[in-house]
Amino acid sequence: APVKVIVVGGGPTGVEVAVSVPYFFELLSGDRRVEVVLIEAQDRILGRLDEQIARQVTNTLQSQIDIQCNVKVIRASKTMLHIANNPSRYFDLLIWTAGSNANGYFKQRSDVFDTDRAGRVTVNQNLLSRHDGLYVTGDSAAVEFSGTASAAIEMGSYVANHVIANLTNQEIEPFQSTAPEYAIPTGHDTAVAMQDGEILTGKEGWGIRRQQDLSALSKIAPEEVAHAHWAKGENLASMVQTQ
């Protein structure tokens, strides 16, 4: 029988994982018998992204994976996924990409942190909590676009520069996060992306995705190291096959 894989969470991560499973499953096993179901609690996947992109991705993926929206997961056992008001579903492999929460520690330490409704720490324009000298960054900081890798990278870089500015008695501009760019894979070498208000699909979309990958790597590693890692992605299939 086909291997049954369920991916829970229809955000960018869930979509990318779900669409990658059939390709890598066949690559490693030589078998195409895998069924992938992508489950999302909201009424569409990619709920935070432009609706045009979400619709294009949905239309492209429907022939490859089973997309099921408005499905609320209650819990999971070893082989069964329990759904609200629906029968439980069997799986061979469950991949969870939904339902992230801020670390509960911050709410517990109300003497040190102020938190928002999501449990993220309220920070000032320099990413400092109300406790003097204590920065909070990444998914735990209550700033715009928090929860994305691009925002976390920007925050880390800003804090480093802010520390240097303080040590050298220099002024520094307040932190401002930029809206992340998305190019959603629809295959191992195709994607849906938006550039200058135009939606690009297939190989063109994948080209945008590869540019974004290189840009992200270049922010966290020296140029030569970043480019070396990025170049490996150009030939990932053959690299996996030779290992």
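What is the order of the strands in the open sheet of 4 strands, and in which sense do they pair? Before I answer, a word on the source: this is a predicted model, in which local features need pLDDT of at least 70, side-chain atom pairs count only at pLDDT 80 or more, and totals for chains, interfaces and linings use all residues. Residues are numbered from 1 along each chain as its sequence is written, and side-chain values use heavy atoms, with hydrogens and water left out.

The order is β3-β2-β1-β7, and the pairing is parallel. Strands here are DSSP runs of E with at least two residues, helices are runs of H or I with at least four residues, and both are numbered from the N terminus; two strands pair if DSSP finds at least two bridges between them. At the edges stand β3, residues 66–68, and β7, residues 93–96, each of which pairs on one side only. On average, and with direction ignored, neighbouring strands of this sheet are turned by 20° against each other.

Let me go through the pairs. Strand β1, residues 3–8, pairs with β7 in the parallel sense over 4 bridges, and V8 has W96 as its bridge partner in β7. Between β1 and β2, which also run parallel, there are 6 bridges, and here the bridge partner of V8 in β2 is I39. The chain gets from β1 to β2 through α1, in a β-α-β crossover that is right-handed, meaning that, with the strands pointing away from the viewer, the path from the first strand over the helix to the second runs clockwise. For β2 and β3 the parallel pairing has 3 bridges, with D66 in β3 as the bridge partner of V37.

Helix α1, residues 12–29, lies across β1, β2 (34–39) and β7, and runs at about 180° to β2. For such angles, axes are lines fitted to C-alpha atoms, for helices over the stretch in contact, and the angles run from 0 to 180 degrees between N-to-C directions. Why is β2 described as largely enclosed by the rest of the structure? The reason is that 5 of its 6 residues are buried, where buried means under 20% relative accessible area, exposed over 50%, and partly exposed in between, with a 1.4 Å probe and protein chains only.

Now to the other sheet, which is open and has 3 strands in the order β8-β9-β10, with antiparallel pairing. Because β8 (183–185) and β10 (198–200) stand at the edges with a single partner strand each, one side of each is left without a neighbour in the sheet. Neighbouring strands are turned by 15° against each other on average in this sheet, direction ignored. The antiparallel pairing of β8 with strand β9, residues 191–195, has 3 bridges, and in β9 the bridge partner of I184 is V192. Helix α5 packs on this sheet and touches β8, β9 and β10, its direction making about 70° with that of β9; contact means heavy atoms within 4.5 Å.

Leaving aside residues up to four places away in sequence, Q212 touches E181, Y182 and A183.

Helix α5, residues 202–220, also packs with helix α6, residues 223–232, at an angle of about 150°, their axes being 8 Å apart. The crossing of α5 and α6 is right-handed. In the contact, R210, D213, L214, L217 and S218 of α5 meet A226, H227, H229, W230 and A231 of α6.

Two further residues deserve a mention. H162 sits in helix α4, residues 149–167, and is buried, with a relative accessible area of 6%; apart from residues up to four places away in sequence, H162 touches N126, L128, Y135 and I172. F145, by contrast, is found in the loop between α3 (105–108) and α4 and counts as partly exposed at 27% relative accessibility. Again without residues up to four places away in sequence, F145 touches A151, S177, T178, A179 and P180. From C-alpha to C-alpha, F145 and S215 are 18 Å apart in space, and they are 70 residues apart in sequence.

Methods. Left-handed = near helix turned anticlockwise from the far one by under 90°.
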